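Reader: Hello! I am new to this structure and would like a close look at a single part of it, the sheet near the end of the chain. Could you walk me through how that part is put together?

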Amino acid sequence: MCPGFQSNSRPAPPVVAPIERNGIRYEQDMQSYDHGGDQPGGYLTAIDVKTGERLWMVKVYEVSDQSESGVDSIGIYFKSMALIPGRDALEIEDETGRRFIFDLINKTSDQVSETLIDTLGPIKIPQ
């Protein structure tokens with residue numbers, strides 16, 4: 001089990017099916033620490049379908065490190081992943097609702113939406 005994968009207070013991450021395109025399978029890397037990753041979640045990996053060889057692993061988004069405040073980072077994993085029609089790109093949504101467009105050619109990620117909490121602004125608590 002990788003660090004932050006599951007605890008008593010965190011359910012298992014959503015199951016997100018891999019996507020195959022042009023002989024390459026793209027999938028969330030659930031063992032990123034084993035392959036040089038530095039955070040729980042947020043990594044996409046490419047695998048050659050014929051050989052099973054890992055071609056690359058790229059961080060799609062940052063997961064904030066809470067360790068300095070004494071809290072284990074529980075990870076933020078993919079909620080969904082879909083190929084964008086007519087483009088060499090994936091749309092990836094994380095568990096917090098942020099959406100990213102990942103360019104499969106340039107291996108770059110652009111955030112296209114914030115989390116629901118980010119867009120609401122400050123929350124007013126009734127007195």
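Author: Let us begin with a definition: a strand here is a DSSP run of E of at least two residues, and strands are numbered from the N terminus. Two strands count as paired if DSSP finds at least two bridges between them. Please also keep in mind that this is a predicted model.

Let us start with the sheet as a whole. Four strands make up an open sheet in the order β5-β6-β7-β8, and their pairing is antiparallel. The edges are taken by β5 (78–83) and β8; each of these has a single partner strand, so one of its sides is left without a neighbour in the sheet. On average, neighbouring strands of this sheet are turned by 25° against each other, with direction ignored.

Strand β6 covers residues 89–94 and strand β7 covers residues 99–103, and five bridges join them in the antiparallel sense. Within this pairing, Glu91 has Ile101 of β7 opposite it. The two strands form a hairpin with four residues between them, and in its turn Gly97 has a positive phi of about 100°.

On we go to the next hairpin. Strand β8 (residues 108–113) runs antiparallel to β7, and the two are joined by five bridges. Phe100 has Gln111 of β8 as its bridge partner, while Arg99 stands opposite Ser113 in β8. Again four residues lie between the strands of the hairpin, and here Lys107 is the residue with a positive phi, near 55°.

Val112 counts as partly exposed because its relative accessibility is 43%, a value between the cut-offs of 20% and 50%. If we set aside its neighbours within four places in sequence, Val112 touches Arg99, Phe100 and Ile101.

The model has four aromatic pairs by the rule used here. One of them is tilted: Tyr26 and Trp56, at 6.0 Å centre to centre with 45° between the planes. This pair links distant parts of the chain, with Tyr26 in strand β2 (residues 24–28) and Trp56 in strand β4 (residues 54–59), 30 residues apart. Both Tyr26 and Trp56 are buried.

Another pair, Tyr61 and Phe100, is stacked, at 5.1 Å centre to centre with 20° between the planes. Since Tyr61 lies in the loop between β4 and β5 and Phe100 in strand β7, the pair ties together parts that are 39 residues apart in sequence. How accessible are its two members? Tyr61 is buried, with a relative accessible area of 3%. Phe100 counts as buried too, at 3% relative accessibility. To finish, ring pairs link Tyr26, Trp56 and Phe102 into a cluster.

Terms used. Residues are numbered from 1 along each chain as its sequence is written. This is a predicted model: local features need pLDDT of at least 70, side-chain atom pairs count only at pLDDT 80 or more; totals for chains, interfaces and linings use all residues. Side-chain values use heavy atoms; hydrogens and water are left out. Axes are lines fitted to C-alpha atoms, for helices over the stretch in contact, and angles run from 0 to 180 degrees between N-to-C directions. Buried means under 20% relative accessible area, exposed over 50%, partly exposed in between (1.4 Å probe, protein chains only). Contact means heavy atoms within 4.5 Å. Rings of Phe, Tyr and Trp (its six-membered ring) pair if their centres lie within 6.5 Å; planes under 30 degrees apart count as stacked, over 60 as edge-to-face and the rest as tilted.
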